[in-house]
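Hello,

Please find the structure below. Some notes on what was found in it follow.

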Amino acid sequence: MTRGPRLADLPPPPRNKRGWPWTEETPQLPASTHDGVAWPLISIVTPSYNQGQYIEETIRSVLLQGYPNLEYIIIDGGSSDQTTEIIKKYEPWLTYWVSEPDRGQSDAINKGFSKSTGRILNWLNSDDFLEKNALGRVATAFGAADEHVGAVVGIGCWINEFGEIFQHSTPLEISRDTLLRWSVDPAVMFPQPACFFTRDAWEFGGPLSLDLHYCMDLALWIKLTERFRFALLPELMAYFHLHSAAKTVEGWPYSKGEVALLFATLPDGFGPATAVMNDLISQGLAAQTLLGLGNRTVRRLARGIGLGYVRRAVRQLPTMMGIFSGAAK
């Protein structure tokens with residue numbers, strides 16, 4: 001078993017940092033559960049690229065979980081800021097890390113999971129962090145779940161650029177039907193760091209598509225609903241930074257456009273894809289969104305799923321006509 005370090009073992013935090021996970025830690029869990037069973041191995045992968053402002057908080061929130069059986073893997077895409085210097089400070093407690101060019105976030109996550117051996121998995125982006133005792137709670141939840149549960153989703157909090165919590169996510173149900181309302185119904189959205197899944201689920205639904213730049217997590221979750229159930233854990237699990245440089249903030253119209261394209265690949269996705277595109281049209285963003293995606297995502301995705309699916313999803317949207325001309329070349 002790989003037990004995480006205690007607070008006193010880690011490098012001291014910056015002088016202006018207080019509280020979790022800087023000057024506080026999760027109490028160490030016992031070596032086994034109350035049933036005398038060893039805690040399941042949990043593997044956390046952090047994909048990283050030029051987010052040295054946040055990554056130390058991410059790393060400490062994983063290492064200070066007090067969890068007795070942990071793998072922590074960081075896959076950095078060749079950052080040019082202070083990221084690698086920060087990672088090196090925590091190298092003694094990492095299972096594996098590398099800094100080298102990659103093909104984006106999905107590629108980094110796939111590489112990380114290929115190095116992992118855990119029974120419970122999650123990826124934690126380098127600008128997100130875990131709540132205290134998140135790993136202990138999720139391991140207990142999986143221990144109480146039946147064999148049909150492939151993922152456990154807890155409560156997540158969004159944090160603004162001033163460090164203030166401004167939104168909680170507490171989904172009431174997670175199913176294929178609710179996931180197909182993603183991007184048009186805020187009530188069904190939840191931050192990815194609060195979603196943990198089993199190795200069996202990953203082997204069924206993964207790896208992540210390299211053609212998806214924004215909604216690779218949603219694609220995985222939809223795939224998992226074909227075989228597994230999502231269990232809800234009504235406890236705070238993770239924090240999600242929303243800042244101007246975050247791709248889900250900076251490129252949110254492109255994210256919605258990519259969701260529409262993802263839905264268009266599904267036999268039951270015509271209605272949801274159209275709803276997302278109509279939402280973009282109502283904001284005057286449809287054309288620029290799809291044209292922007294066309295330079296990096298639409299053409300490859302259209303070739304992979306069949307141009308007919310994409311055309312079908314947007315056929316009723318006159319302002320979109322012509323966007324996909326030549327996309328199958």
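What does the accessible surface of the chain come to, and what percentage belongs to carbon and sulfur atoms? The accessible surface is about 14500 Å², and 51% of it belongs to carbon and sulfur atoms; areas come from the Shrake-Rupley method with a 1.4 Å probe.

This is a predicted model, in which local features need pLDDT of at least 70 and side-chain atom pairs count only at pLDDT 80 or more, while totals for chains, interfaces and linings use all residues. Residues are numbered from 1 along each chain as its sequence is written, and side-chain values use heavy atoms, with hydrogens and water left out.

The average pLDDT (the predictor's confidence in each residue, from 0 to 100) is 85, with 81% of the residues at 70 or above. Over residues 315–329 the pLDDT is below 50, although this stretch has 33 contacts (heavy atoms within 4.5 Å) beyond near neighbours in sequence. Where pLDDT is low, the predicted coordinates should not be read in detail.

The chain has 12 helices and nine strands, taken as DSSP runs (helices H or I, at least four residues; strands E, at least two). Of its 329 residues, 56% are buried, meaning under 20% relative accessible area with a 1.4 Å probe, protein chains only.

Tyr 72 counts as buried because its relative accessibility is 1%. Not counting residues up to four places away in sequence, Tyr 72 touches several residues, among them Ile 44, Val 62 and Leu 94. Ile 59, also touched by Tyr 72, is 13 residues away in sequence and 8.8 Å away in space, C-alpha to C-alpha.

Regards

Conventions:
Buried < 20%, exposed > 50% of the residue type's maximum accessible area, 1.4 Å probe, protein only.
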